[in-house]
Amino acid sequence: MTMKKTLMFLMLLLPIGLLVSCSDNSTTSVPETDCRITLTFDNVAVINGNIYATQDYALEIESVDFKSPDNSTKGISDVEYTVDGKIAQKAIYSPFVGRIDTRDLSTGTHPLGVHVDLIQSDNSQVPDNMEYNFIVVPTVEDLPAGAELGTFTQTFRVDPA
């Protein structure tokens, strides 16, 4: 009889154990495959994949936007902009605008870093980085033939795993 009771007890525990072991993904960090970061620049010209800015007009980052279709990642906590490896500006509020004063830069190519901290659904932060090389020329007249300053938008797929 004791063996029979033990077996029944174990059989009752099995469904309970299965229920307890099931969980939704809201408490665990799951890699998101469709997250997108969109950056919008102004006062730039894009020619053959090169981003040009002039010393006449500051390079403006109008917005850094984030989309996560399944809400596994909440959004952006802050964005840090670096030029030539040095912090140029940090934005902590949406739309995370930035302004790079090109008057202070020499003409030529400069690396521009856009470092984004993403907030996961569990409130942990995951960094993501985009790197650009932009070319500074003295004036609008020094842009490549046919180039005009305007707005440039680029979207990246990110994996905040």
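**View 1. Strand β1 beside strand β3 in the predicted model.** Strand β3 covers residues 59–67 and is antiparallel to β1, with seven bridges between the two strands. One of the residues of β1 is T40. The bridge partner of T40 in β3 is S63.

**View 2. Surroundings of T40.** T40 has a relative accessible area of 12% and is therefore buried. Beyond the neighbours within four places in sequence, T40 is in contact with E60, I61, E62 and S63, and also with T151, F152 and T153. The side chains of T40 and T153 are joined by a polar contact of 3.4 Å.

**View 3. Strand β1 beside strand β9.** β1 and β9 run antiparallel and are joined by eight bridges. Within this pairing, V44 stands opposite G150 of β9.

**View 4. The hairpin of β1 and β2.** Strand β2, residues 50–54, pairs with β1 over three bridges in the antiparallel sense. V46 stands opposite I51 in β2. Two residues separate β1 from β2 in this hairpin, and N48 in the turn has a positive phi of about 50°.

**View 5. The ring pair F41 and Y132.** A search of the whole structure gives three aromatic pairs. In the pair of F41 and Y132, the ring centres are 5.1 Å apart; the planes meet at 80°, over the 60 degrees cut-off, so the pair is edge-to-face. F41 belongs to strand β1 (residues 35–47) and Y132 to strand β8 (residues 125–137), so this pair ties together parts 91 residues apart in sequence.

**View 6. The ring pair F41 and F152.** F41 also forms an aromatic pair with F152, with 6.3 Å from centre to centre and 20° between the planes; this pair is stacked. F152 lies in strand β9 (residues 150–158), and the pair links parts of the chain that are 111 residues apart.

**View 7. The aromatic cluster.** Which residues do the ring pairs link into a cluster? The cluster consists of F41, Y132, F152 and F156. F41 takes part in the edge-to-face pair with Y132 and in the stacked pair with F152.

How values were computed:
Residues numbered from 1 in each chain as written. Predicted model: local features only at pLDDT ≥ 70, side-chain atom pairs only at ≥ 80, totals over all residues. Heavy atoms only, no water. Phe/Tyr/Trp six-rings, centres within 6.5 Å; stacked < 30°, edge-to-face > 60°. Helix = DSSP H or I, 4+ residues; strand = E, 2+ residues; numbered from the N terminus. Buried < 20%, exposed > 50% of the residue type's maximum accessible area, 1.4 Å probe, protein only. Polar contact = N/O pair within 3.5 Å; in protein donor to acceptor, adjacent residues only side chain to side chain. Contact = heavy atoms within 4.5 Å. Pairing = 2+ DSSP bridges.
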